Amino acid sequence: MDQDKSCIIRHFSHYCTLTDDEKQLLSSLEESPTELKSGSLLWEVGSPANEFCTLRSGWAYSYRHLENGDRQILEVFLPGDIIGLREFAFSQRLENVRMITDAVVCHFPHKRMLDIFRQSLPLTSVMFAISSRQQALLTERLVNLARRSARQKMAHFLHEMYLRLRQTNNDISGQFRLPLSQEQLADILGLSPVHVSRTFSALSEDGLVFRDRHHVSIPDLEALATEGEFDDCYLTDNVRPLLND
């Protein structure tokens, strides 16, 4: 695979400068791709947890079903993300993962990760940084669900998605594709689909966010960040100072 087109290499490059050998190691994680259709299940709770997946293209999400049948979406995965990191120490899956769009997923066993740990200290450091950031994303999601208003929840989530997408696609400038249904957004933010629609309308009336089907435009990122009480420190920190010490 062309390394310049590799999402996982662009993702890791956000954290530190990679050598050609390290890029080659990462490219090996995108071999043997599997194409999955929108809505298909990658794995479900309780299935064996013996591998990770890299998301070469497309979007996915992890979720849990509650006893009353409600669904809580825990995390949204974007191109270049590694799925299943939190289950490295477990024998069974702790959450379901489903495709949001058509996607290309590359599977690699836990043992392959240990090979990377043995061969590259920088990649090991980045892997820990990515795992830490996934934990920070969940922490922000918890604060969003528990303590912010509907407007703040939506503003914070949209700003976060924009910054995450821009890390692997510098061509994004104030607008992006958001292939999430109102039901999925509701299950991410702890709102009803009707409340999601009303919140989008309110933000649009105030000139903060404009949505046309699955396309979102943000005319003033700073104003949206203020609305959502957004602090990007959990997305922008990297391990360069540590590795260059």
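Which helix is Glu 22 found in? I looked and found Glu 22 in helix H2, which covers residues 20-27. I keep in mind that this is a predicted model.

**Entry: Glu 22**

I checked its surroundings next. Glu 22 is buried, yet I find no salt bridge for Glu 22. The nearest side chain of opposite charge is Lys 23, and that one is 8.8 Å away. A salt bridge needs the two groups within 4 Å. I then looked for a polar partner. The side chain of Glu 22 makes a polar contact of 3.2 Å with the side chain of Ser 120. I also listed contacts, leaving aside neighbours within four places in sequence. Glu 22 then touches Thr 17, Ser 120, Pro 122 and Leu 123.

**Entry: the open sheet**

I traced an open sheet of 4 strands. I read the strand order as E2-E7-E4-E5, and the pairing is antiparallel. Which strands lie at the edges? I note strand E2 (41-43) and strand E5 (71-77), each pairing on one side only. From one strand to the next, the twist averages 30°.

Strand E4 (residues 60-65) and strand E7 (residues 96-99) run antiparallel and are joined by 4 bridges. I looked up Tyr 63 and found that its bridge partner in E7 is Asn 96. Helix H6 (residues 182-189) packs on the sheet and touches E4 and E5. I noted that the direction of H6 makes about 100° with that of E5.

**Entry: strand E3 and its partners**

I turned to strand E3 (residues 51-57). How many bridges join E3 to strand E8? I find 6 bridges to E8 (residues 103-109), and the two strands run antiparallel. Glu 51 stands opposite Pro 109 in E8. E3 is also joined to strand E6 (residues 82-83), by 2 bridges and again antiparallel. There I see Cys 53 opposite Ile 83.

**Entry: helix H6**

I came back to H6. Why do I call H6 largely enclosed by the rest of the structure? I do so because 6 of its 8 residues are buried. I wrote down the buried ones: Gln 184, Leu 185, Ala 186, Asp 187, Ile 188 and Leu 189. I then asked what covers them. The cover includes the strands E4 and E5, along with strand E10 (210-212). It also includes helix H4 (121-147), helix H5 (150-168) and helix H7 (193-205). Last, I checked what follows the helix. Gly 190 comes after H6, and its phi is positive, near 70°.

Note on methods
Residues numbered from 1 in each chain as written. Predicted model: local features only at pLDDT ≥ 70, side-chain atom pairs only at ≥ 80, totals over all residues. Heavy atoms only, no water. Buried < 20%, exposed > 50% of the residue type's maximum accessible area, 1.4 Å probe, protein only. Lys, Arg positive; Asp, Glu negative; His and termini not counted. Polar contact = N/O pair within 3.5 Å; in protein donor to acceptor, adjacent residues only side chain to side chain. Contact = heavy atoms within 4.5 Å. Pairing = 2+ DSSP bridges. Axes fitted to C-alpha atoms, helices over the stretch in contact; angles between N-to-C directions.
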